[in-house]
Amino acid sequence: MEPITLVLTGFIFVVSIVYLFVRSKHNFWKDQGVPYAPNPHFFYGHVKGQSRTRHGADINQELYQQFKQRGVPYGGISLFIMPSLIEEIEMKDVLGRFTTDVIGTCAFGIECNTLKTPDSEFRKYGNKAFELDPVTLTKFFFASSYPQLARKLHVRTTQQDVEDFFMKIVRETVDYRESNNVQRNDFMNLLLQIKNKGKLQDHDTIVGKGEVGLTHNELAAQVLIFFLAGFETSSTTLSFCLYELAKNPGIQDRLRDEITRAIDDNGGEVTYDVAMNIQYLDNVINETLRKYPPVETLTRKPAHDYVIPGTKHIIPEGTIVQIPIYAIQRPRICIGLRFGVMQTKVGLINLLRKFRFTPSARTPERVVFDPKMFTLSPTGGNYLKVEKVV
Ligand SMILES: *[C@@H]1O[C@H](CO)[C@@H](O)[C@H](O)[C@H]1NC(C)=O
């Protein structure tokens, strides 16, 4: 064979291989039987023009609208020649499962695994604890105003099955740890120390004098409040944060860049210090909490008669004072602040590194709060379009 023929044959061979390879890549979703967007550009796939003439938001919106018109909830596309999937996901539930798993392991020392098994009992009773109806609300106000009377009348503000579930979990965990002498670096371990010894010991540091312990019920109450306060508030914050980031792509891009830079500067590792020192992440979370404080009103009771400064008005001891957090747009510091902010940051860092969030056709222009939920929660869920970042 002439050298020129050889080169030509080789060239045609290579081109054919490349062609077949790219074709098979574009056919990935078709072969999987998954609905896919038609007519990918040979090299650019479905991102033709992105970053040059069109914003990704517009391209993806168009693809999404096509899938929606075809009545499919997700669909395959090609990012250049790599198969990808555009999906619409209800984020509030996913995030609730994430924080449930986090709190489960930190409070109870239990792997809830609700991310893997969405219909687990932890989710069922966890959600139920935040459902609000007029009867529960009345009981709640009554018990807050007249705690002693409410106790005598056996007024319950937690639903029986919710209480039973959590009490059972706590009892089993306590029994297991005590009979097997399990030591674990978590909240339950601290509570057990207080219950049994009346003090906390961490190496050489000792807190408390060892006088009064906790009863089993008091311990269970602490665990329950830690669990409830720990998962819903943070997942609500995460959910509203992603909603706002989806609607403000410029801020989302900048946050993703800053997260990526901070992690790269730390040799690719996400550590506590990295998570805590991204200033822009702090700004984004604080702004989310200003617009959407998960608990919209705080109640406090003065321990003695209080004269409102500069007036003759007296708030009598024991009167319920409501502080409208949502209305005054000022989230309050709380004892769980650092824990909550940390899990919120870890969640955001991991999500934004890997995914881009954009509004879908079901993302409302303005959030309407669900009247049947105690915390701020979007009516109809928080549907966003989710795609992998490349
Ligand atoms: C965000 O809020 C926390 C808690 O209130 C505060 O410590 C922090 O300084 C705030 N960050 C910014 C950037 O304002």
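The following legends describe an overview and several close-up views of a predicted protein model.

The model is predicted, and local features are described only where pLDDT is at least 70, side-chain atom pairs count only at pLDDT 80 or more, and totals for chains, interfaces and linings use all residues. Residues are numbered from 1 along each chain as its sequence is written.

**Figure 1. Overview of the protein, with its 15 helices and 10 strands.** Helices (H or I, at least four residues) and strands (E, at least two) are DSSP runs, numbered from the N terminus. Along the principal axes, the C-alpha atoms occupy a box of roughly 100 × 55 × 40 Å. The radius of gyration is 27 Å, whereas a compact globule of 390 residues would have a value near 21 Å. This radius is taken over C-alpha atoms, and the globule rule is 2.2 Å times the number of residues to the power 0.38. Of the 390 residues, 26% count as buried. A residue is buried if 20 or more other C-beta atoms lie within 10 Å of its own, exposed if 12 or fewer, and partly exposed in between, with C-beta atoms placed from the backbone. Among contacts between residues at least 6 apart in sequence, 64% join residues at least 24 apart. Two residues are in contact if their C-beta atoms, placed from the backbone, lie within 7 Å.

**Figure 2. The residues around the ligand.** A residue is near a molecule or strand if its C-beta atom, placed from the backbone, lies within 6 Å of it. By class, this shell consists of 1 nonpolar, 2 polar and 1 charged residues. Ala, Val, Leu, Ile, Met, Phe, Trp, Tyr, Cys and Pro count as nonpolar, Asp, Glu, Lys and Arg as charged, and the others, Gly among them, as polar.

**Figure 3. The crossing of helices α10 and α13.** The axes of α10 (residues 216-247) and α13 (residues 279-291) come within 9 Å and cross at roughly 105°. The two helices are therefore roughly perpendicular to each other. Angles under 35 degrees count as roughly parallel, over 145 as roughly antiparallel, 65 to 115 as roughly perpendicular and the rest as oblique. Axes are lines fitted to C-alpha atoms, for helices over the stretch in contact, and angles run from 0 to 180 degrees between N-to-C directions. From α10, Thr-237, Phe-240, Cys-241 and Glu-244 meet Val-284, Ile-285, Thr-288 and Leu-289 of α13. This contact has 5 nonpolar, 2 polar and 1 charged residues.

**Figure 4. Asn-181 and Asp-186 in the loop between α8 and α9.** The loop lies between α8 (160-180) and α9 (187-197), and Asn-181 belongs to it. Phi of Asn-181 is near 50°, a positive value in a residue other than glycine. Asn-181 counts as exposed because it has 6 C-beta neighbours inside 10 Å. Asp-186 counts as partly exposed, with 15 such neighbours inside 10 Å. Leaving aside neighbours within four places in sequence, Asp-186 is in contact with Cys-106 and Gly-109. Asp-186 and Leu-85 are 101 residues apart in sequence, and their C-alpha atoms are 39 Å apart in space.

**Figure 5. Asn-113 in the loop between α4 and α5.** This loop joins the region between α4 (91-108) and α5 (121-128). The phi angle of Asn-113 is near 55°, a positive value in a residue other than glycine. Asn-113 is partly exposed, because 15 C-beta neighbours lie inside 10 Å.

**Figure 6. Ile-323 in strand β8.** Strand β8 covers residues 321-323. Ile-323 is partly exposed, with 13 other C-beta atoms within 10 Å. Apart from its neighbours within four places in sequence, Ile-323 is in contact with Thr-297, Leu-298 and Arg-300. From C-alpha to C-alpha, Ile-323 and Thr-288 are 19 Å apart in space, and they are 35 residues apart in sequence.

**Figure 7. The exposed residues Ile-12 and Arg-366.** Ile-12 lies in helix α1 (residues 3-26), and 10 other C-beta atoms are found within 10 Å of it. The C-alpha atoms of Ile-12 and Lys-92 are separated by 52 Å, the two residues being 80 residues apart along the chain. Arg-366 is placed in the loop between β9 (355-359) and β10 (383-388). Arg-366 is exposed because it has 5 other C-beta atoms within 10 Å. Arg-366 and Glu-172 are 194 residues apart in sequence and 44 Å apart in space, C-alpha to C-alpha.
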